Amino acid sequence: YWLFAADGGIFAFGDAGFFGSTGAIKLNKPINGMASTKTGHGYWLVASDGGIFAFGDAGFQGSLGGAALSAPIEGMVPSNGGHGYRMIGNDGRVYPFGDAV
């Protein structure tokens, strides 16, 4: 399993691989969500401003970084197809990317 920190630091345990982090990058907003790929060989991190950071075999499908949001992003889930994700806002809005339609 993985644990993530608000600065994007990743801590991998057991057979979960480490594929990178944002721990050394100055972020505009803190990381507050993470989702793993179907293969377990990658993951996405999402910041409260909708910024997405893809690592390993996680493909970048777009982000909301720089967009005017009505509420902060609270988390994310990968799509069933594995080539996209949905970001979930604090106000209940869902933002699909890639094959997450």
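Buried residues, meaning those under 20% relative accessible area with a 1.4 Å probe and protein chains only, make up 40% of the 101 residues in the protein chain. The model is predicted, so that local features need pLDDT of at least 70 and side-chain atom pairs count only at pLDDT 80 or more, while totals for chains, interfaces and linings use all residues. Residues are numbered from 1 along each chain as its sequence is written, and side-chain values use heavy atoms, with hydrogens and water left out.

**Overall form**
- The radius of gyration, taken over C-alpha atoms, is 13 Å for the protein chain, which agrees with the value near 13 Å for a compact globule of 101 residues. The globule rule is 2.2 Å times the number of residues to the power 0.38.
- Along the principal axes, the C-alpha atoms fill a box of roughly 40 × 30 × 20 Å.

**Strands**
- The protein chain has zero helices and eight strands; helices are DSSP runs of H or I with at least four residues, and strands are runs of E with at least two.
- Strands β6 (residues 73–78) and β7 (residues 84–89) run antiparallel and are joined by five bridges; two strands pair if DSSP finds at least two bridges between them.
- Isoleucine 73 stands opposite glycine 89 in β7.
- The hairpin of β6 and β7 has five residues between the strands, and glycine 82 there takes a positive phi near 85°.

**Contacts**
- Among contacts (heavy atoms within 4.5 Å) between residues at least 6 apart in sequence, 30% join residues at least 24 apart.

Technical notes. Buried < 20%, exposed > 50% of the residue type's maximum accessible area, 1.4 Å probe, protein only.
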